Amino acid sequence: MSADPNASLTVDLAIVGGGPAGAAAAIAAAELGLKCLIVERSGSLGGQIVGVQSRKSGARREQDVERTEALCRRLNGSGVELITGATVWNVEPSQVLHLVRGSSHHRVTCHALLVATGARERPMPFAGWTLPGVMTCGAAQRLTAQSGVVPGNRVLVAGRGPLLLRAAAELIEAGVHVVAMVEATGVTHLAVNGLRTLAGSTDRARQAGRYARRLLGAGVPMLFGHVVVEAGGDGPVEWATIAPLDRGSRPVRDRKRSMPVDAICVSNGLEPNIELFQALGCELVYDVEAQAFFPRHDEALRTSVPWVYAAGEVTGIGGAPKSLIEGEIAGIQAALGLGAVQEENVAIRLRKLVRQRRKRLRQARSVDHAYVGPDLYLRIADPDTLACRCEEITLGELRAAVLEGNGFPRDAKLRTRIGMGICQGRMCLTTLYQELASGVHHPSLQMEPIRVRPPLEPVPLGQLAELVTSDSDTETVA
Amino acid sequence: MNEARITTRRSSCDVDLHQWVDITVSGKTVRALRGEPLASALMAAGFVTMRHTLKTGAPRGMYCGMGICFECLVKLNGQGFVRACMAKVEPGLEVEMGEDER
């Protein structure tokens, strides 16, 4: 069969992304009789939340990590097919996915598709953020978790948002020497806006308290209302300059101070991986508050394309608990959509899940409100700061193009080449959309994202030419 | 020389991959763990700068660590350019990258 170039795998439900949402969906749908396939980009299931965790046996596990891992274990013997280390590089409207895995190529025909591709860390432009040694907190955590390698010997953790404290605490636990944690949100802002969040979730309050105690215990200064304004070095990063913010959220110039560092781990929150939705022709909506595009979806997690569902961080950043609920909903809805189950048999279960989801969405919103917005770093960045790392376009150049242009993202792209580099805009288009949304030209709600074109991920040219279809690398989890 | 760097950046106790293998990085032999991301092996050996940009020659290294940013592109013999954070260490791997190291 593998020698037949026309051979293709056909499943009821194809799931792209083996994180909490994908795993939960596979289990729910398989239980209802659907033949499922999970396509996972990395080498193992669990998603980023598990990937950044230490595999050391005695390592502390948060509840969301444990639940995700338990779910992945349940996939054993569930009959769900799994292709790891594979990326979807193209999709056809005829419900065909093209995967590449190492040197093999797969063609998957599916009756329904769940896109659960999760999120990536938002870019955090500041002077010197392109220096080697400046990396995302997630990158640093994967270094320590997967290889026991520390990002550096004097590490500054800086940024904003709910993940920063957790990342700092987990890096310390992994043996990293953190010199300071620099959170842009001030204590007053956190106290006023965060109280509601904590009141709504005692779990979160306890968790945050535990992380803070870990930093205190390690003697790591927590500087709230501070930002990193510059990183410098001849080659890799050698120093960082931090400053407090004034009441107008501007760095106070005469209170800047510099410190020697050999790594800076940054976190500016998450943004969804939407490229597959774009390739599928799903309608995207710009969320002004979250400052990112998300696929339009309903409570059944259906997108604007009838056979495509969305679950997890791609529908709104809310963490693993929300993703687990959404995965289950999407799995059930796919089974309903394909007629594998009668509505009355799952109605009560679905109603409960939808209620749980609404609660998680409210919590996620209030967590967001506790912190300053993801555009804080953009607003204080020097015009010489790079907005596009691939094509080396500065924020100043981008802003000039936005001012001169007609307000459409595509116009700014043609003027500056932003988004045309090798990362295909994944590191810069968010910045462009934020600039446009804050500008005068174009109501952000009408904003059209820049189109994506296949290959969605790089594929060796030889493979594109061959297009050899093979099922030999498919493995059933057993 | 690389030994010292490995001990400074790597605390191998929490790694469940034990097999050490040799790879070559810009002509130097570097010890690495089989199956780990190439980027980790490079960082452990002190190769923080992984390339220089074509336009300005600015140094770059791993940023996102998850295959998104393409900053950690290095050349593998026979395979062309790969993302070091996505490539896995295999014995005898030959990596070519910018001369900058520390």
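**Domains, cores and contacts in a predicted model**

Student: How is chain A divided into domains?
Tutor: In this predicted model, the domain assignment of chain A gives domain 1 (9-120 + 271-368), domain 2 (124-267) and domain 3 (382-446).

Student: What separates the centres of domain 2 and domain 3 of chain A?
Tutor: Taken over C-alpha atoms, the centres of domain 2 of chain A and domain 3 of chain A are 27 Å apart.

Student: And how many residues does each give to the contact?
Tutor: Domain 2 of chain A contributes four residues to the contact, and domain 3 of chain A contributes eight residues. On the side of domain 2 of chain A that touches domain 3 of chain A, three residues are nonpolar, one is polar and none is charged.

Student: Turning to the largest nonpolar core, which residues touch the most other members?
Tutor: That core has 106 residues, and those touching the most other members are A:Leu156, A:Val157, A:Leu171, A:Val178, A:Val228, A:Ile264 and A:Cys265. Helix H5 (residues 162-173) of chain A gives the most to this core, with eight residues.

Student: What does A:Cys265 touch?
Tutor: Leaving aside residues up to four places away in sequence, A:Cys265 touches A:Met135, A:Thr136, A:Cys137, A:Ala140, A:Pro151, A:Val155, A:Val157, A:Ala167 and A:Leu171. There is also a second, separate core of 68 residues, which includes A:Ala26, A:Val39, A:Val115 and A:Ile329.

Student: Next, helix H10 of chain A. How many residues does it have?
Tutor: Helix H10 of chain A (residues 343-370) has 28 residues. From first C-alpha to last, H10(A) reaches 39 Å, close to the 40 Å expected at 1.5 Å a residue.

Student: Where is the kink in H10(A) centred?
Tutor: The kink in H10(A) is centred on A:Arg349 and is about 30°.

Student: Which residues of H10(A) are buried?
Tutor: In H10(A), the buried residues include A:Leu353, A:Val367 and A:Ala370, together with A:Arg357, A:Arg360, A:Gln363 and A:Asp368.

Student: Finally, the two chains. How many residues does each give to the contact?
Tutor: Chain B gives 36 residues to the contact and chain A gives 32 residues. On the side of chain B that touches chain A, helix H1 (2-9), helix H2 (38-44) and strand S4 (59-60) of chain B each supply at least two residues. H2(B) gives the most to that side, with three residues.

Student: What classes of residue make up that side of chain B?
Tutor: The side of chain B that touches chain A has 17 nonpolar, nine polar and ten charged residues.

Terms used. Residues are numbered from 1 along each chain as its sequence is written. Chains are lettered from A and ligands numbered from 1 in the order in which they are written. This is a predicted model: local features need pLDDT of at least 70, side-chain atom pairs count only at pLDDT 80 or more; totals for chains, interfaces and linings use all residues. Helices (H or I, at least four residues) and strands (E, at least two) are DSSP runs, numbered from the N terminus. The expected span of a helix is 1.5 Å times one less than its number of residues. The bend at a residue is the angle between axes fitted to the seven residues ending there and the seven starting there. A residue is buried if 20 or more other C-beta atoms lie within 10 Å of its own, exposed if 12 or fewer, and partly exposed in between; C-beta atoms are placed from the backbone. Two residues are in contact if their C-beta atoms, placed from the backbone, lie within 7 Å. Ala, Val, Leu, Ile, Met, Phe, Trp, Tyr, Cys and Pro count as nonpolar, Asp, Glu, Lys and Arg as charged, and the others, Gly among them, as polar. A nonpolar core is a set of buried Ala, Val, Leu, Ile, Met, Phe, Trp, Tyr and Cys residues joined through C-beta atoms within 7 Å. Domain bounds come from an automatic or database domain assignment.
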